[in-house]
Amino acid sequence: MKMEKDVYILAIESSCDETAAAVVRNGREVLSNVIYSQIALHTEYGGVVPEIASRKHIEKINQVIEQALTDAEMKLEEMTAIAVTYGPGLVGALLVGVSAAKAISFASGIPLVGVHHIEGHISANYIENKELEPPFICLVVSGGHSHLVVVKDYGEYEIIGRTRDDAAGEAFDKVARAIGLGYPGGPKIDKVSREGNPDAIHFPRAKVADAEYDFSFSGLKSAVLNYLNSCQMKGEAINTADVAASFQRAVIDVLVEHSMDAVERYGYKKFAIAGGVASNSGLRKAFEEVCGKKDITFYHPSPIYCTDNAAMIGAAAYYEFQKGIRHGFDLNAVPNLKLGERI
Ligand code: KG4
Ligand code: ZN
């Protein structure tokens, strides 16, 4: 009997404000996961400044890659493939990872595999759930994206719902800024919400008339801003924890309702969440409860694999590699790369 050779992937991620590298064996076993977060650098500007992100990626990328190999106790020559996020994301940030990956691949002769960032987020679920296989429905909620995706097979996706305006994480970040919690808003609202009453203020749950799985969060954000303004005009004190908890509840209600409608419609018994917002404790609890009642298995990555990381890119790259997908040295950053699209 022929033994399959282990596939070791050195994965690189630099699409936004995390410089990350990881070594992943056979798509599901993380041997190292190094993340240099730039959050502190961007905090004083209230959000990610693209130029600062690119510059910091350049400074950190080699260090992070070397650390990933050291932590995995492996040498570059032992890698089967070099994987890198090539879109979507900030073009200057993406270019740093793509250039580093191409240079390493060129110098070593190890094949190059470009990966879609959202495909990485979805694949983060494979790392800790060894039994999870497509098909399933996945809700991807991050700072830049809110997608409801049918994962038909490895690398095969159908987006059935998307946001019409702000992404869920963007709404968290904007509302957090408005109530004085600062950047990044998601984790701060998550924490403060635990002290607040989610039923204190009723914020709208938006529906998109012609597309039942689409999301819209800008109306909710405006409703929070209007509420804050009217309190100020009336001289009423604002209970930050109640505002945070009520806003979070409104986001969760919409995400849960749309996701469960999709799961029911498609008849799958498996549902997963992914992306930075997927680490929200209220959201996880809500899905645990509703999936428990409906006898649906609920999958979610640990928080460290929800926010941007390279291990998820290594997981996605494994399935691309197994399909024979390789990229040439003409691989470029594609800031608006579509899910399922291969360039
Ligand atoms: O996936 P990610 O790291 O980057 C993108 O690809 O966008 O997601 C970052 C987003 C930010 O908007 C952040 O506020 C949000 O995820 N986030 C959270 C939580 N942790 C991070 N949102 C809600 N609750 C959290 N615990
Ligand atoms: Zn991301």
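A backbone N or O atom of G144 sits 3.2 Å from an oxygen atom of ligand 1. The protein covers 88% of the 550 Å² of accessible area that ligand 1 has on its own (areas come from the Shrake-Rupley method with a 1.4 Å probe). This is a predicted model, where local features need pLDDT of at least 70 and side-chain atom pairs count only at pLDDT 80 or more, while totals for chains, interfaces and linings use all residues. Side-chain values use heavy atoms, without hydrogens and water.

Let's meet two other partners. A polar side-chain atom of N280 lies 3.0 Å from a nitrogen atom of ligand 1. In the side chain of S142, an N or O atom is 3.5 Å from an oxygen atom of ligand 1.

## Who surrounds the ligand?

Around ligand 1 there are 19 residues, and the closest are G143, D173, G186, D190 and N280 (a residue counts if one of its heavy atoms lies within 4 Å).

## A look at D166

Now for a single residue. D166 is found in the loop between β8 (156-162) and α5 (168-178); here helices (H or I, at least four residues) and strands (E, at least two) are DSSP runs, numbered from the N terminus. Is D166 buried or exposed? D166 is buried, because its relative accessible area is 7%, and buried means under 20% (exposed is over 50%, partly exposed in between, with a 1.4 Å probe and protein chains only).

Leaving aside residues up to four places away in sequence, D166 touches K174, F217, S218 and K221 (contact means heavy atoms within 4.5 Å).

Notes: Residues are numbered from 1 along each chain as its sequence is written. Chains are lettered from A and ligands numbered from 1 in the order in which they are written. A polar contact is a pair of N or O atoms within 3.5 Å; within protein, one must be able to donate a hydrogen and the other to accept it, and residues adjacent in sequence count only if both atoms are side-chain atoms.
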